[in-house]
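User: I am new to this structure and would like to learn how to read it. Could you take me through some features step by step?

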Amino acid sequence: MIKKLFKTENIFLIFCLIWGVLFLLINPPFQSPDEPEHMFKMYGYTEGSYNFKIKNGWSGQILPVSFAKLYKYYDEYRLTMGKTSLYQTKINSEIKLDKNNKTFLRYNVPAYTPLSYFPSFIVLWLLKFFNVAPVMMMYILRFCSLFTYMALCYIALKIMPCKKVLLFLLATLPLNISQAASVSTDGLVFGVCFIFLAYTLRLKFDNSIEKISGKQIILWQVLSAIICLLKFAYSPLLLLYFLIPVSKFESRKAYLKNFLIAFVINIVIISLFLFSALRFSDIRDYAYFHNNRPVSVLVKNIVAHPADYAFAMIKTTMVSFNMYVQNVISNIGISLLVIPLFGTNLYWFLLFLSVLYKPETEKDMNFCIRDKMFLSAAVIVSYIIVLTSVYLVYQTYPVILGMQGRYLTPLLPLVMLLFAFNKFHLNYKYIPWLVFVVSQFLLLLTSFIFIIRFY
């Protein structure tokens, strides 16, 4: 019984619940990145609006006036370093929904499918039915997001055949827990990507799987399609398929056929999404302050001048590299909030320690040069797509602004696995406990940063 309790996935559940609930409660309403926008997008789904409304050229949604009041207050507040109080939260929580009193609210509408908000938008529909106050809606949706993330990461840790300590640390990074404990798509995206990686490595390393069955490959293809539906920028994770040995398939022909099926499914999903997203011409604040050129024009410029755009991506990466390194660990609450540099460095030390840790049970689980080539390819292609998506939204050039560490979270496990060396590794039994204890200290530090920042 005690041995089962100390399994990595069970320890994760306990720690993630404690810190997730704490972050959820001390983070003031609508203070996580894009939190009000995600909530408004979901509310639109409950009204039967799949996309968004356009008024005088601006994107937005027809929402209760109560949302507009809250948005006006928090949109100004969340981009400053001002303080708030629990009393102010109490006042705002008294604002009633009044769902029949509506207005057009102009905001930058996220481009996500209903699946990206599952099951939160169903919960929101029920909350709307019972006329729950907007602020209370937000806190309940935060709990929904947190529990969804916990369930997904628990499954990922349970099926992960190797590097469980690494996955535990990644799943409990301050950024990941704080985003999971917010009204966002991030917790769902992170959790599904973790499951996808864990299941791929299970198919690769599990010796009990001598031949991959039809059900197993269909499940893998479904997970790949779900990632594409959630956020198509991570569709290159499809390349992880080539980590699975050819010998586990009936033939090389079957091996390639199964990949092509998944590839075609992803292409169809991306094509439908782009058709849906690009057929609208609307004004958004982010682009308005720069150029607000049509996306089609920007894409044509990239195709016409690929060398110039490649230079812009390289320059952006060089200029923003230090920001990426820190923000992928703790871009929490709002974009202005990160833990101290020593905390970030300590997290990176733990990450490298975790990827080098290799117990006896993993002695036959190695990553060859070919594996690392496909890991690298998946990271590079995904990064190019993510950065290009940010460019199309913010339209800054030659340095692309607007990139956030959380956009790189699904790629971080792949980057860390590049440092899993076969000949050089550590097998000290104290390493997992060191990771567990020190990471909890850093999460405690994060909670203090939350309090100091907002109160």
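Analyst: Gladly! The axes are lines fitted to C-alpha atoms, for helices over the stretch in contact, and the angles run from 0 to 180 degrees between N-to-C directions. Helices (H or I, at least four residues) and strands (E, at least two) are DSSP runs, numbered from the N terminus. Please keep in mind that this is a predicted model, where local features need pLDDT of at least 70 and side-chain atom pairs count only at pLDDT 80 or more, while totals for chains, interfaces and linings use all residues. Residues are numbered from 1 along each chain as its sequence is written, and side-chain values use heavy atoms, with hydrogens and water left out.

User: How are helix α8 and helix α19 oriented to each other?

Analyst: Helix α8 (residues 164-171) packs with helix α19 (residues 430-454) at an angle of about 5°, and their axes are 10 Å apart. The two are therefore roughly parallel to each other. For the residues involved, contact means heavy atoms within 4.5 Å. On the α8 side, V165, F168 and L169 meet P432, V435, F436, S439 and Q440 of α19. Sorted by class, this contact has six nonpolar, two polar and no charged residues. Here Ala, Val, Leu, Ile, Met, Phe, Trp, Tyr, Cys and Pro count as nonpolar, Asp, Glu, Lys and Arg as charged, and the others, Gly among them, as polar.

User: Which residues of α15 meet which residues of α16?

Analyst: From α15, V325, Q326, V328, I329 and S330 touch L341, T344, Y347, W348 and L351 in α16. The contact of these helices divides into seven nonpolar, three polar and no charged residues. As for direction, the axes of α15 (residues 306-330) and α16 (residues 341-356) come within 10 Å and cross at roughly 80°, and α15 and α16 are therefore roughly perpendicular to each other.

User: What is the handedness of the crossing of α14 and α17?

Analyst: First the idea: a crossing is left-handed if the near helix is turned anticlockwise from the far one by less than a right angle, and right-handed if clockwise. The crossing of α14 and α17 is right-handed. Helix α14 (residues 295-304) and helix α17 (residues 369-394) pack at about 130°, with axes 10 Å apart, so they are oblique to each other. In this pair, V295, L298, V299 and I302 of α14 meet T388, Y391 and L392 of α17. That contact has six nonpolar residues, one polar and no charged. V295 and L392 are 97 residues apart along the chain, yet their C-alpha atoms are separated by 6.2 Å.

User: How do I read the sheet, and in what order do its three strands come?

Analyst: Strands of a sheet pair through backbone hydrogen bonds, either parallel or antiparallel. Two strands are taken to pair if DSSP finds at least two bridges between them. Here, three strands form an open sheet in the order β1-β2-β3, with antiparallel pairing. β1 (53-55) and β3 (102-106) are the edge strands, each pairing on one side only. Five bridges join β2 (residues 58-64) to β3, and P64 stands opposite K102 in β3. Helix α3 (residues 35-46) lies across β2 and β3 at about 70° to β2, and helix α4 (residues 65-77) also lies across β2 and β3, at about 35° to β3.

User: Is Q179 buried or exposed?

Analyst: Buried means under 20% relative accessible area, exposed over 50%, partly exposed in between (1.4 Å probe, protein chains only). With a relative accessible area of 0%, Q179 is buried. This residue is found in helix α9. Beyond its neighbours within four places in sequence, Q179 contacts S32, P33, S145, S184, D186, F190 and R406.

Note on methods:
Angles under 35 degrees count as roughly parallel, over 145 as roughly antiparallel, 65 to 115 as roughly perpendicular and the rest as oblique.
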